[in-house]
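Here is a set of questions and answers for a reader who wants to work through one protein model step by step.

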Amino acid sequence: FTTTPPGIFFTGDPGFPAKRGMYTKWWNFSPRVGLAWDVSGNGRTSVRASAGSFYDRPSSLFLQGFSNAAPFLPTYSRNNVSFADPWATEPGGDPFPLSYGRGLGRNDAKWPAYGIVTSLDYDTPNMQVYQWNLSLQKQVGTDWLLSASYLGNHTVHMWTVQEGNPAVYLGSGPCTLSGVSFASCATTASTNQRRRLSLENPALGQYFGSINHVDAGGTGSYNGLIVSVERRAAKGVTINGNYTWSHCITDPGGLPA
């Protein structure tokens, strides 16, 4: 689409990884190991342990931005508009209804001013989780089972989102940006004009609003102790009780604040 501003790449552009948008990770290695030990040899006391690494796909939240972005399905975000006539100050007026379908020409796609963009590096790593556990189980008498288990995991390359085109604070006084005068630069009315790309190059920066850049630098960890007691079925009744003491800490995912 010829209406696409510089810096935006799609399938068919040189170097773009086919229809995936990411390089294929052929060397993702995910080993797992586990063991069980019958301590006394009579089946009444056991120790179990396991560990492994796992890869996972990101939440579909991260993929929505690529499917509903310009020029395929442009998203418009406007501040300080009148609900009576929300498109009164929009260049070209009301952009809807949009053209779509196979008959859409190279020059027909709409790219809105200050369009919302989602970006992803070609070599973004997959999220990886390392998990491990250790448990002790003991049968007491003929009906009771006691168990204590430690569970832990550590997550790396967790996908988060960072703002790639933030608005720059220019003080609270009046200012003129991209030919528009504002009584105060510290209001939402000037947010798009104060964005980094708009300040660096107003002619091209006007096509970029918020840029949600996927960043795989997030981490997370979980450690927990689970203690349980079970009385096996007697006269049709089974009794179970458990207590969990755990701690989880993680970087936030999803869209930026």
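**Reading the predicted model**

Q: Is G205 buried or exposed?
A: In this predicted model, the relative accessible area of G205 is 3%. Buried means under 20%, so with that value G205 counts as buried.

Q: In which helix is G205 found, and which residues does G205 touch, not counting residues up to four places away in sequence?
A: G205 is found in helix α3, which covers residues 202-205. Once residues up to four places away in sequence are set aside, the residues that G205 touches are Y114, L197 and S198.

Q: How far apart in space are G205 and R194, C-alpha to C-alpha?
A: Along the sequence, G205 and R194 are eleven residues apart. In space, taken from C-alpha to C-alpha, the distance between G205 and R194 is 9.9 Å.

Q: Where in the protein is confidence lowest, and where is it highest?
A: The mean pLDDT of the protein is 88, and 98% of its residues reach 70 or more. Where pLDDT is low, predicted coordinates should not be read in detail. Confidence is lowest in helix α1 (residues 61-67), at a mean of 74, whereas the highest value, 97, belongs to strand β1 (residues 32-38).

Q: Which elements give two or more residues to the largest nonpolar core?
A: The largest nonpolar core has seven residues, namely M22, F62, L120, W159, V161, V214 and A216. The elements that give two or more residues to this core are β5 (144-163) and β8 (208-234).

Q: How many residues does the second, separate core have?
A: Apart from the largest nonpolar core, which has seven residues, there is a second, separate core that includes W111, V117, F208 and I211. The number of residues in this second core is six.

Q: How many bridges join β5 to β8?
A: Strand β5 pairs with β4 (residues 127-140) in the antiparallel sense, over 13 bridges. β5 and β8 also run antiparallel, and in β8 the bridge partner of S147 is S228. The number of bridges that join β5 to β8 is 17.

Q: Which residue in the hairpin of β4 and β5 takes a positive phi near 65°?
A: The hairpin of β4 and β5 has three residues between the strands. The residue of this hairpin with a positive phi near 65° is G141.

Q: What is the bridge partner of V129 in β5, and is that partner buried or exposed?
A: The bridge partner of V129 in β5 is T155. Leaving aside neighbours within four places in sequence, T155 is in contact with M127, Q128, V129, G218, T219 and G220. The relative accessibility of T155 is 9%, and because buried means under 20%, T155 counts as buried.

Q: What is the phi of S178?
A: S178 lies in the loop between β6 (175-177) and β7 (180-182), and at 44% relative accessibility S178 counts as partly exposed. Although S178 is not a glycine, its phi is positive, at about 55°.

Q: Which residues are joined by a cis peptide bond?
A: Most peptide bonds are trans. The bond in question has an omega of about 0°, and one of its residues, P97, has its place in the loop between α1 and β3 (115-119). The two residues joined by this cis peptide bond are F96 and P97.

Q: With which residues is Q193 in contact, leaving aside its neighbours within four places in sequence?
A: Q193 is found in the loop between β7 and α2 (196-200), and at 13% relative accessibility Q193 counts as buried. With neighbours within four places in sequence left aside, the contacts of Q193 are Y114, L177, S178, F182, S198 and L199.

Q: Which element gives the most to the lining of the largest pocket?
A: The largest pocket has a volume of about 1100 Å³, and of the 37 residues that line it, the closest to its centre are R20, G21, M22, F66 and L120. At least two residues of the lining are supplied by each of β2 (45-56), α1, β3 and β8. With four residues, the element that gives the most is β3.

Conventions. Residues numbered from 1 in each chain as written. Predicted model: local features only at pLDDT ≥ 70, side-chain atom pairs only at ≥ 80, totals over all residues. Heavy atoms only, no water. Buried < 20%, exposed > 50% of the residue type's maximum accessible area, 1.4 Å probe, protein only. Contact = heavy atoms within 4.5 Å. pLDDT = per-residue confidence, 0-100. Core = buried A, V, L, I, M, F, W, Y, C linked by side-chain atoms within 4.5 Å. Pairing = 2+ DSSP bridges. 1 Å grid on protein atoms, 1.4 Å probe; cavity = no way out; pocket = protein on both sides within 12 Å on 5 of 7 lines; lining within 4 Å. Points joined across faces, edges and corners; volume = space filled by probe spheres on them.
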